[in-house]
Amino acid sequence: MTQWLDASSITNFTLINPSTITAWRNSIGNFNSTTAVTGTPFYSTVSSYGAVFFNGSSRFDIPRVVDTNWSIFVVARTSQAASAGTQWHQGNGVYDMEVAGNTNDFGTAITAGRWTVGTGSNTDSSVNSSTIVNNGVPFLGEFTRNSVNGGFSNYTNGFLDAFVTTGPTGTRTAASRMTIGSLQTNTQFFNGFIHEIVAFTTV
């Protein structure tokens with residue numbers, strides 16, 4: 001595990017008032033904690049569970065924590081209106097490293113109301129969940145990727161939605177940072193709650 005952002009306890013945050021967050025600390029160490037904030041993400045106890053509320057104009061910046069092989073897990077909920085498109089970078093960024101153009105990037109988003117994951121290269125490739133997730137109900141989204149064959153998968157609530165057997169191979173290092181709550185390009189912001197993010201550097 002390289003990153004565990006856990007909203008279940010308010011002690012995992014740095015706050016400038018009772019609810020405005022300036023940093024979300026990595027629960028397995030000070031490395032890979034959030035390093036900057038745009039807008040005002042808020043700490044919330046929605047439905048008795050801790051969460052970070054993103055209001056559609058706020059985000060966290062973090063160092064790039066995965067770039068080769070990975071398994072990423074996100075627990076979130078949203079009622080945000082569905083965006084158009086099928087690619088992850090056409091949606092509202094959740095945990096993202098999108099860079100404009102044909103680059104070695106990747107990301108996760110809510111696109112057309114679905115959990116969407118993808119990687120970039122000369123041709124971007126994305127997979128959308130079959131499940132609609134912008135219904136205000138908590139969901140678990142997973143994104144795994146193998147750098148050797150470029151294969152990646154999209155799991156929603158523990159079920160495999162789709163598996164791409166081949167894709168762009170090698171590292172995804174188009175940006176040195178990632179963002180939570182928007183695309184890395186500081187566009188297409190997420191509106192909703194994130195309860196937890198866990199990232200591993202293995203499939």
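1. A salt bridge here means a side-chain nitrogen of Lys or Arg within 4 Å of a carboxyl oxygen of Asp or Glu. Asp61 forms one with Arg59, where the closest N and O atoms are 2.5 Å apart.

2. Some background on how to read this. This is a predicted model, in which local features need pLDDT of at least 70 and side-chain atom pairs count only at pLDDT 80 or more, while totals for chains, interfaces and linings use all residues. Residues are numbered from 1 along each chain as its sequence is written, and side-chain values use heavy atoms, leaving out hydrogens and water.

3. Asp61 also forms a salt bridge with Arg177, with 2.9 Å between the closest N and O atoms. Arg177 lies in strand β16 (residues 177-180) and Asp61 in strand β7, so the pair ties together parts 116 residues apart in sequence. Strands are DSSP runs of E, at least two residues long, numbered from the N terminus.

4. Asp61 counts as buried because its relative accessibility is 9%; buried means under 20% relative accessible area, exposed over 50% and partly exposed in between (1.4 Å probe, protein chains only). Arg59 is buried too.

5. Do look at the open sheet, where 7 antiparallel strands follow the order β4-β7-β16-β9-β10-β11-β12. Its edge strands, β4 (36-38) and β12 (125-132), each pair on one side only; two strands pair if DSSP finds at least two bridges between them. Between β4 and β7 (residues 59-63) there are 3 bridges, and Ala36 has Asp61 as its bridge partner in β7.

Note on methods. Helix = DSSP H or I, 4+ residues; strand = E, 2+ residues; numbered from the N terminus.
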